[in-house]
Amino acid sequence: MATRDSTPNSKSSERLWSSPSRRQALRLAGGGLVLAALTTGAVGCDEDAENVEDTGRSGDDKPKEGSKGSSGGAGDDGRAPEPLWTKTTSAETYGDNDELVTAAGVVIASGRPLAALDAATGRQKWSLPGGAIPGAPLLLGNDTLYLASDEYDGSVIGYDPASGKETWRSHLGEGYRQPRPVAVDEGQVYVVAEVLEDDGSSRTNVIAALDSTTGTIAWKEQRDTGTEQNGIHAAVRGRHLVYTDFKRNLTVRDTATGNQVWTHKTTKTNYGYFAVHEDLVIVPQGRNLQAFHLSDGREKWSLEASEFASFKEPAVVEDMLYLADSTRTLRAVDPRTGKVRWQSQALAEAGLQAPRQYVKTGGTLYGATDLDDKGGVIAMDAQTGDVRWTFNDGTGDYHAWLVATDGKRVFALHGTRLHALGV
């Protein structure tokens with residue numbers, strides 16, 4: 001059985017297309033940064049830290065109107081809610097969904113220093129002076145926040161998200177550089193790291209599993225030359241670890257052994273984003289959306305967009321697959337069968353940008369858009385796709401919007417400004 005990521009040639013493999021977008025270029029740059037090691041410090045607790053400023057409002061411009069609707073925190077006139085609080089943070093983001101997370105009553109945006117803010121008040125609960133490594137995810141699992149070491153010493157560290165206290169540590173070995181956690185399950189933390197050559201350069205990388213209790217290496221597999229250690233998106237379902245990179249490889253490995261189960265060369269994926277549901281991995285490839293069995297790579301179902309349209313980033317939220325396409329048509333799809341439950345043109349009719357990330361609370365679906373000012377956070381009816389309201393802070397910041405939710409609030413990050421919105 002093959003154990004390395006491969007890039008098979010097939011009739012389904014098309015010519016790679018399109019130059020990187022600004023967001024992709026930012027992600028690539030962030031993922032490739034090698035920073036000098038910073039002086040370490042103890043976890044600090046400071047509820048009035050200078051780097052976290054209460055700005056009171058979301059900006060000078062008024063929230064935009066959406067179509068009339070109730071719930072989702074909006075008033076009777078269908079306008080966006082005023083933020084519960086707004087903070088200026090140390091956030092340094094590159095447009096990936098795992099750069100804003102919430103757990104244990106705090107919300108955390110990737111940055112240096114890394115600060116955890118009280119979800120209800122926005123006050124700082126704790127901070128890590130070194131912060132998060134640019135381009136590395138904030139990985140949550142087993143009630144632990146896993147981070148690549150800001151000392152660039154080859155360590156991966158686990159922290160209690162409620163207190164910021166270190167609870168776990170592992171080290172891949174001296175022959176590897178910049179190990180970054182990419183996925184976690186109940187028993188293991190999965191990392192990707194560069195393989196160091198004798199001259200200090202690196203041309204290959206490995207993927208490895210670390211025991212989430214002891215930190216020992218469960219298995220380690222070298223990936224082929226030409227595969228990327230940057231831009232990794234990964235997820236675990238049962239015995240299967242599935243991941244992509246910017247080279248458009250879609251690979252599944254056995255979580256117990258590290259052996260490669262199968263790999264496909266995808267064609268027109270959107271920055272490597274995919275969705276998983278039960279035993280399926282769902283991948284947008286230009287005009288086509290395909291669902292593959294995790295066990296063997298067989299196609300289960302496919303969906304086709306209209307002519308000249310391309311699917312954007314998908315997300316499975318509460319057993320429903322949501323995704324938009326380049327015509328700003330939003331779909332809710334049964335992830336088991338590929339059957340479209342509803343299809344909406346409300347985004348296009350309102351002149352709004354298509355979301356690239358989704359969260360849901362109650363009957364409201366919240367979407368976060370990219371850089372365009374015709375976007376921000378869009379609240380939509382989860383049963384119809386109708387737009388209820390939109391929120392934009394009016395700063396014109398070039399960073400993509402990111403959203404997260406704790407079920408009580410929706411957190412919207414735009415550049416360094418973090419807003420808490422009522423739901």
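This report covers one loop serine and the aromatic pairs of a predicted model.

## Ser110 in its loop

Ser110 sits in a loop. Ser110 is buried, because its relative accessible area of 2% falls under the 20% cut-off.

Which residues does Ser110 contact, leaving aside neighbours within four places in sequence? They are Ser90, Ala91, Glu92, Thr93, Glu99, Ala132, Ala136 and Leu138.

## Aromatic pairs: Tyr146 and Trp168

The structure holds 8 aromatic pairs. One of them joins Tyr146 and Trp168. Their ring centres lie 5.3 Å apart, and their planes stand at 90°. The pair is therefore edge-to-face, as the angle is over 60 degrees.

This pair links distant parts of the chain. Tyr146 belongs to strand 8 (residues 144–148) and Trp168 to strand 10 (residues 166–171). The two are 22 residues apart. Tyr146 is buried, with a relative accessible area of 2%. Trp168 is buried too, at 6%.

Tyr322 lies in strand 24 (residues 320–324), Tyr358 in strand 27 (residues 357–361). The pair therefore ties together parts that are 36 residues apart in sequence.

Are Tyr322 and Tyr358 buried or exposed? Both are buried. Together with Trp342, Tyr322 and Tyr358 form one aromatic cluster.

Notes
Residues numbered from 1 in each chain as written. Predicted model: local features only at pLDDT ≥ 70, side-chain atom pairs only at ≥ 80, totals over all residues. Heavy atoms only, no water. Helix = DSSP H or I, 4+ residues; strand = E, 2+ residues; numbered from the N terminus. Buried < 20%, exposed > 50% of the residue type's maximum accessible area, 1.4 Å probe, protein only. Contact = heavy atoms within 4.5 Å. Phe/Tyr/Trp six-rings, centres within 6.5 Å; stacked < 30°, edge-to-face > 60°.
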